[in-house]
Amino acid sequence: MGMTRKAPAGALAVIAVLALAACGNGNDPAPVGGDKKSEKSPLAEYMGDGFATVSGGGAFVSATRLGGGKQPSEEDLAKQRKVEDATVACMKNAGFEYIAVAPDSAKKGKFDDAFNLPPDKFAEQYGYGISTIDWSKAGPDDSSDPNKKIRDALSPTAQKAYDKALNGDGGGPAGTVKVEVGGDGPSSKGQLDQGCRGKAAADIYGKGEDREADFKKYENLFKDIQALSQRIDADPRVVDATKAWSDCLADAGQPGFKKLNEPQEKIRKELDTLTGNKPSGDGPMKVQGPPSFDKVDAAKLGDLRKEEIALATADQKCKASKYSEPYKTVQYELEKEFVAQNKAQLEAYRDGMANR
């Protein structure tokens, strides 16, 4: 589904906090893997199953799935069925056939098996999942999707029309995410066509601007959580653990890293150089989706993957032995204090989000 939007920086920061929390803790000591125990932290009891305190330290997890494998409730499935039914009706009005796909028959992603590996095994095989996974091809396996068969039977021109009807200005069977960040408020210019999928989702789940308004009600809470994250990072026990992690990496032949996000950023920058992906400078940030590796020098990509796996494996071992337990001890201690001091706000957020 395509999307271009402008929003106040403050509001976007609020949404970013939740997005990062859902994807992984900035100082999360464990990488992707199915063996990590799903023990809830004190704050996660209120913020949701995917929550982890957002930290400036940088996540080990690069290839994480939003939601972390949480099973959808029957209410969630019912809403997804309504979206599918509304998409069928919308596509029919546009002159195309679309078959509703049962949400409980979810398609398996190409890298699901990888994501379910234990953390150490994931690091050994995929590193951080930065250069080792071609995210432009990491979507679900849609070979059994009846709508793929319908689309494939159309002429190239008709396929483009089908894609536009289904996904709007996102184009393509899976859609291309387009995000524009910047400006002083919602754009007065017309929004991009969201297509039948986007319209159906908006009808069932509510419009994006409405959801953003809901989040904005809790902006002060999110700011307090960000401040809590900074307090956790600044705790002497975490500072000492970070130094121990850095020394451990140096002993493993990976010197020079002082912050937890630096190993990943090193690999990410090297991949950007290979793919020609240049982060935008001043002004709006535009994200068109991950670049394909098809035109990347295969030998150089192979070397980068070896480098990433070696670095990530050492990183994982050093976090597990030097960092994980001290960080968790401080995190739980300070989160428990935070919950006691902000229980009313946290309950309001939990109850408000449960009704969405």
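A residue counts as buried when its relative accessible area is under 20%, and D235, at 12% relative accessibility, therefore belongs among the buried residues of this predicted model. D235 sits in the loop that joins helix 10 (219–234) to helix 11 (236–251), and a polar atom of its side chain lies 2.9 Å from the backbone nitrogen of R237.

**Overall architecture**

The protein comprises 14 helices and two strands, and 37% of its 356 residues count as buried. Among contacts between residues at least 6 apart in sequence, 82% join residues that are at least 24 apart.

In soluble globular proteins, nonpolar side chains tend to be buried together. In this model the largest nonpolar core has 38 residues, and those with the most contacts inside it are L43 and L346. Two or more residues of this core come from each of helix 2 (44–47), helix 10, helix 11, helix 12 (262–275), helix 13 (298–341) and helix 14 (343–354). The most is given by helix 13, which supplies twelve residues.

**Aromatic pairing between helices 10 and 14**

A search of the whole structure finds six aromatic pairs. One of them is formed by F222 and Y349, an edge-to-face pair with 5.8 Å from centre to centre and 85° between the planes. This pair links distant parts of the chain, since F222 lies in helix 10 and Y349 in helix 14, 127 residues apart. F222 is buried, with a relative accessible area of 1%, and Y349 is likewise counted as buried, at 6%. Ring pairs also bring Y218 into a cluster with F222 and Y349.

**Buried residues compared by value**

| Residue | Relative accessible area |
|---|---|
| F222 | 1% |
| Y349 | 6% |
| D235 | 12% |
| T242 | 15% |

T242 is placed in helix 11. When its neighbours within four places in sequence are left aside, T242 is in contact with K258, L260 and Y323.

Helix 3 (residues 74–93) has 20 residues and reaches 29 Å from its first C-alpha to its last, which is close to the 28 Å expected at 1.5 Å a residue. Its buried residues are L77, K79, V83, E84, T87 and M91. Because these residues cover an arc of only 160° around the axis, they lie on the same side of helix 3. An α-helix has 3.6 residues a turn, so residues three or four places apart point the same way. What covers the buried residues of helix 3 includes helix 7 (156–167) and helix 8 (195–205). The face of helix 3 turned away from this buried side carries the exposed residues E74, K82, K92 and N93. Helix 3 is followed by G95, a residue whose phi is positive, near 95°.

Methods: Residues are numbered from 1 along each chain as its sequence is written. This is a predicted model: local features need pLDDT of at least 70, side-chain atom pairs count only at pLDDT 80 or more; totals for chains, interfaces and linings use all residues. Side-chain values use heavy atoms; hydrogens and water are left out. Helices (H or I, at least four residues) and strands (E, at least two) are DSSP runs, numbered from the N terminus. Buried means under 20% relative accessible area, exposed over 50%, partly exposed in between (1.4 Å probe, protein chains only). A polar contact is a pair of N or O atoms within 3.5 Å; within protein, one must be able to donate a hydrogen and the other to accept it, and residues adjacent in sequence count only if both atoms are side-chain atoms. A nonpolar core is a set of buried Ala, Val, Leu, Ile, Met, Phe, Trp, Tyr and Cys residues joined through side-chain atoms within 4.5 Å. The expected span of a helix is 1.5 Å times one less than its number of residues. The arc is that of the directions from the helix axis to the C-beta atoms. Contact means heavy atoms within 4.5 Å. Rings of Phe, Tyr and Trp (its six-membered ring) pair if their centres lie within 6.5 Å; planes under 30 degrees apart count as stacked, over 60 as edge-to-face and the rest as tilted.
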